Number of protein chains: 2
Amino acid sequence: MAAPTLKDVALRAGVSVRTVSNVVNDYVYVADDTRARVQAAIDELGYRPNLLARNLKLGRTKMLALVVPELDVPYFAELARLIIHEARTAGYTVLIDQTDGDERRERELVTEDARGVNFDGVIASPLSLTEEALEGRRASAPVVLLGERLFAAGVDHVAIDNVRAAREATEYLFSLGRRRIAAIGVQHESTGTAKLRTIGFRGAFAAAGAVVDEDLLVEVGHYHREDGAAAMARLLDLPEPPDAVFCFSDLLALGAQRVALARGLSVPEDLAVIGFDDIEDGRYATPTLTTISPDKAVIARSAVRQLIARIDAADEAAEPAQSVQIEAPYRLVVRESTQGRISTGGS
Amino acid sequence: MAAPTLKDVALRAGVSVRTVSNVVNDYVYVADDTRARVQAAIDELGYRPNLLARNLKLGRTKMLALVVPELDVPYFAELARLIIHEARTAGYTVLIDQTDGDERRERELVTEDARGVNFDGVIASPLSLTEEALEGRRASAPVVLLGERLFAAGVDHVAIDNVRAAREATEYLFSLGRRRIAAIGVQHESTGTAKLRTIGFRGAFAAAGAVVDEDLLVEVGHYHREDGAAAMARLLDLPEPPDAVFCFSDLLALGAQRVALARGLSVPEDLAVIGFDDIEDGRYATPTLTTISPDKAVIARSAVRQLIARIDAADEAAEPAQSVQIEAPYRLVVRESTQGRISTGGS
């Protein structure tokens, strides 16, 4: 006769497999009476929670993979911290794979079972992953994607409204009386972040009845400080330089601001600067950086909870539900780089 | 009869198990004639390279774990990128575990086999791991530790000479004519980084025949921007504030510099600031940050190569060699926060 399984215990105790698992692993809070009932079922059936055997059987490891392009981009590092915290609270360990946006690496973890590691689920922020690869995925572990809804495929997403956020950032610069507003971060090949933020930027111009000066839209290869610095140098060499710049990331903005200051310009008097991401770096820069602040805590919590819900549903052999698109909030955070020095005391 | 193993193939081909593994996995360069010889042995023996079976048998996954306290501390993020790159070149995938310096999490990955994951080796930068835990480790995977040689135990380390580096940073401030030199980053409980850098700081005073003003040594809980900011605020509230500050990390320095600038001080005229780590952030700050720059590329390369040498030695059942202590170089990088604006063009 086969040894009793987790499922047998769950049936006997009248609880879900997840609840039995929680008791066995002692990971999360389980009500005392439920725990007692599960323990009684375990004793009656003679169930032996052999972690390794159970893992092999259920393919459950309580490990999640977080797939991000770049950890030295603080937005991802800050998000990773929040995701790790949320997952740990729910009894999961997160291991991080940095892909550099390499399509093969992204595909490996998101669409195939990683070699030697069984993750219960994957949270991924892909840069290069194609819709085809995603639709043809073989991996059994559920996936939640961060960032824009790039794919029609039935995959859960968590994102902010990038078009609206970019439009608000640009409208705010118009509201300051700026008229030669530049954008750093355009990527003509992009179908994701860059494209959506460019649409938002143009939308603000349309709403203001203004015409975009295409010379003020600067394409970049990456969203790093050095790309922002190079873009700003180009803009300042124009016959008519901008009086404001919307950078599609805080790193771009910090690079741009550095070049403006190094050339002797005053920020924001000569040039207002606004970024995107609200990384800590921008809160300690001089001047401090105005930015669009996505609610990273909500993004992390939504992604982890949605993923665990999928894992639980798979454990309980429930019908897979329709994919969900979760929209996280954001807000405009005004600091010195657009408003000037507010007081002498603070950051 | 048992199925032929990797070892059988290696014996037949007259090569190491590692070489057969390299051929089978197609990961790294193998000379054409060696590859042909291995392939011939595989064909003769009818060896079938079943990845999963082989992994279970040898416990080899070509996965390395990188255990770091905090990824939103850019020093670790930048180091992680370099380690991932080095490992990938050698055919290994790196997964990162962020521990927040939590002793239990560090112990789990460094001294026990992680649940559900078989790493071939571990590179760790522990904050809280005890010597006892390390000596009693059960895990079979080799470990290389980053940072100071904290332990007598037979574990490989890669580190810079923190005492000497801190002394040089402080002597440089003396050489600028500064006399009220503060230090931010002291941790009285520390046996590691903070302790060694404090020793170096005091060493420079002794060499200069100067007396340390204990009021100018500020203890911090963490090496984050906010800790540097709080420490600087305390120093500036002293009856006799410092004219220079050596911060034990760039993040501390950036927090300290922000507070000094926000209070209307000029850096470096009123206050010279020097950090430690040479993170990109400091190269784009205004003023740009003078710092001690550990050679992160050498640290990453040394750690990965040493770890792979240990893994290979284990594969080949060689006698474990004595533990090694690898010292990586560093240099003092002078920028605006101590030297003032050098030109109007650059960073």
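This is a predicted model: local features need pLDDT of at least 70, side-chain atom pairs count only at pLDDT 80 or more; totals for chains, interfaces and linings use all residues.
Student: Through which surface do the copies meet?

Tutor: Of the interface residues of chain B, 100% are also interface residues in chain A, so the copies meet through the same surface.

Student: How do I read the sheet of chain A, and in what order do its strands lie?

Tutor: Follow the pairing from strand to strand. In chain A, six strands form an open sheet in the order S7-S6-S8-S9-S10-S12, and the pairing is mixed. Its edge strands, S7 (217–219) and S12 (330–333), each pair on one side only. On average, neighbouring strands of this sheet are turned by 15 degrees against each other, direction ignored.

Student: How many bridges join S9 to S10 in chain A?

Tutor: Three bridges join S9 (residues 272–276) to S10 (residues 290–294) of chain A, and these strands run parallel.

Student: Which strands does helix H10 of chain A touch?

Tutor: Helix H10 (residues 225–236) of chain A packs on the sheet and touches S6 (181–186), S7 and S8 (244–247) of that chain. The direction of H10 makes about 145 degrees with that of S6(A). H11(A) also packs on the sheet, touching S6, S8, S9 and S10 of chain A, and its direction makes about 155 degrees with that of S9(A).

Student: Where in the chain B sheet can I find antiparallel strands?

Tutor: Look at S10 (residues 290–294) of chain B and S12(B), which run antiparallel and are joined by four bridges. One of the residues to check is B:Ser293, with B:Arg331 as its bridge partner in S12(B).

Student: How many cavities of 30 Å³ or more does a search of the whole structure find?

Tutor: The search finds five. The largest cavity has a volume of about 180 Å³. It is lined by 18 residues, of which the closest to its centre are A:Ala285, A:Thr286, B:Tyr284, B:Ala285 and B:Thr286. The elements giving two or more residues to this lining are helices H11 (250–262) and H12 (280–284) of chain A together with H11 (250–262) and H12 (280–284) of chain B.

Student: How do the residues of that lining divide into nonpolar, polar and charged?

Tutor: The lining of the largest cavity has eight nonpolar, four polar and six charged residues.

Note on methods
Residues are numbered from 1 along each chain as its sequence is written. Chains are lettered from A and ligands numbered from 1 in the order in which they are written. Side-chain values use heavy atoms; hydrogens and water are left out. Contact means heavy atoms within 4.5 Å. Two strands pair if DSSP finds at least two bridges between them. On a 1 Å grid over the protein atoms alone, a cavity is a set of points where a 1.4 Å probe fits but cannot get out, and a pocket is an open set with protein on both sides within 12 Å along at least five of seven lines; lining residues have an atom within 4 Å of a point. Grid points are joined across faces, edges and corners, and a volume is the space filled by probe spheres set on the points. Ala, Val, Leu, Ile, Met, Phe, Trp, Tyr, Cys and Pro count as nonpolar, Asp, Glu, Lys and Arg as charged, and the others, Gly among them, as polar. Axes are lines fitted to C-alpha atoms, for helices over the stretch in contact, and angles run from 0 to 180 degrees between N-to-C directions.
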